[in-house]
Structures are given as structure tokens and as C-alpha cells.
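Here is a short report on one protein model. Look at the structure first, then read on.

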Amino acid sequence: MSDWAIIGVGNRFRGDDSVGPYVVHRLRSQLTPSIPCIENNGDMTNLIEDWRDRHVCLVDAVQTAAYPPGEVVRLNGLKQDIPASLCRTSSHGLNIGEALELAKALEAMPAHLDIYAICGRDFSFSAGLSAQVKAAAQQVMREIIEKIQLQTGGL
């Protein structure tokens, strides 16, 4: 099992909510196969198992009035509190804050957790990614690649 994982949370059929799967799909071809790019459609039990003891870059869409669409909120999930405005119960059942609490209780925490919460606008079925969210996804992909290169010495 790799020490790293890129996890994209979301529903690929719900507009901006598909940004997590969008990112991991594109990163698969740019990263070595030893760094898994995992698509999670909202199963928080699998999420907790996928991130256990790993260095994780997690990408998820959020819907909040606190930030404009396309804004990226970057958090260290182990050192920073996740703002309540980013912790609404999502289409995934549990939100990331609740998943962290459950992981803590189960002693299944990641070794490191960088959260990229991309603010979306349209979460309707069959919608595509909005232009703002797609641009934010491109920036997040560049940041993740740079982080991995700096921390592991390569892709």
C-alpha cells in the first residue's frame, strides 16, 4: 500500500459536485501508479479506510454562501478546524468533518490530510462542471503535483 493517496469525493453526475472525481481521473495519467488516485462517491466508510495512515490530498466540492464559486479553501485536516460553513451535510451522507470525527474514534486517521474544498454553484443532476470550478480544479491539480514532487522527489 502506498504512503500517499489522492482522493476525490463527489458524484460525477451532479454538476460541480463532480470536481473530486474530475481531478482524480485527470491525475491518474500524470502520477506514478504507486500513488493511487481514488474516486469516492460519498461512501465515508471507504474514505476512512482509504486514508488510514496515508498522506492524503482530498478534493471535494462544497456549497456555501461564504465563498464564491471557484474559490478553493485549503485546509490541513489534522491541524485546522473545518469551518461550519464547509460542513453542511452533503450528498455523501456524512461530511468531511464528521468523517474525521468517526476516523478519530476508530483510530483510522490519515498521517497527513490536505483538504482542497472547491466551492461550487450548480449541483443539479446532469449538469457539467461550471467554468469557475473547472479552473479551480486545474489549479488544485497543479498544486497536488507540485506537493508530491517536493515531498517524494518525483511523480
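Buried means that a residue has under 20% relative accessible area. Keep that cut-off in mind. The model shown here is predicted.

## Helix H1: what is covered

Start with helix H1, which spans residues 19-28. This helix is mostly covered, with seven of its 10 residues buried. The buried ones are Val-19, Gly-20, Pro-21, Tyr-22, Val-23, Val-24 and Leu-27.

What covers these buried residues of H1? Several strands take part, including S1 (4-9), S2 (37-40), S3 (55-62) and S5 (112-119). Helix H4 is also among the elements that cover them.

## How H1 meets H4

Helix H4 covers residues 131-152. The axes of H1 and H4 lie 10 Å apart, and the two helices pack at an angle of about 45°. That angle makes H1 oblique to H4. The crossing of the two helices is right-handed.

Which residues make the contact? On the H1 side they are Val-19, Tyr-22, Val-23, Arg-26 and Leu-27. On the H4 side they are Val-133, Lys-134, Ala-137, Gln-138, Met-141, Ile-144 and Ile-145. Sorted by type, the contact residues of H1 and H4 are nine nonpolar, one polar and two charged.

An α-helix has 3.6 residues a turn, so residues three or four places apart point the same way.

## Two cysteines, no disulfide

A disulfide is a covalent bond between the sulfur atoms of two cysteines. How many disulfides does the structure hold? The number is zero. Cys-37 is in no disulfide, and its nearest cysteine sulfur belongs to Cys-57, 9.7 Å away. Cys-57 is likewise in no disulfide, and its nearest cysteine sulfur is that of Cys-37. To count as a disulfide, the sulfur atoms would have to be within 2.5 Å.

Are these cysteines buried or exposed? Cys-37 counts as buried because its relative accessibility is 9%, under the 20% cut-off. Cys-57 is buried too, with a relative accessible area of 0%.

## Asn-76 in strand S4

Now turn to strand S4, which runs over residues 72-76. Asn-76 sits in this strand. Is Asn-76 buried or exposed? Its relative accessible area is 13%, so Asn-76 is buried.

Which residues does Asn-76 touch, leaving aside its neighbours within four places in sequence? Asn-76 is in contact with His-112 and Leu-113.

How values were computed: Residues are numbered from 1 along each chain as its sequence is written. This is a predicted model: local features need pLDDT of at least 70, side-chain atom pairs count only at pLDDT 80 or more; totals for chains, interfaces and linings use all residues. Side-chain values use heavy atoms; hydrogens and water are left out. Helices (H or I, at least four residues) and strands (E, at least two) are DSSP runs, numbered from the N terminus. Buried means under 20% relative accessible area, exposed over 50%, partly exposed in between (1.4 Å probe, protein chains only). Contact means heavy atoms within 4.5 Å. Axes are lines fitted to C-alpha atoms, for helices over the stretch in contact, and angles run from 0 to 180 degrees between N-to-C directions. Angles under 35 degrees count as roughly parallel, over 145 as roughly antiparallel, 65 to 115 as roughly perpendicular and the rest as oblique. A crossing is left-handed if the near helix is turned anticlockwise from the far one by less than a right angle, and right-handed if clockwise. Ala, Val, Leu, Ile, Met, Phe, Trp, Tyr, Cys and Pro count as nonpolar, Asp, Glu, Lys and Arg as charged, and the others, Gly among them, as polar.
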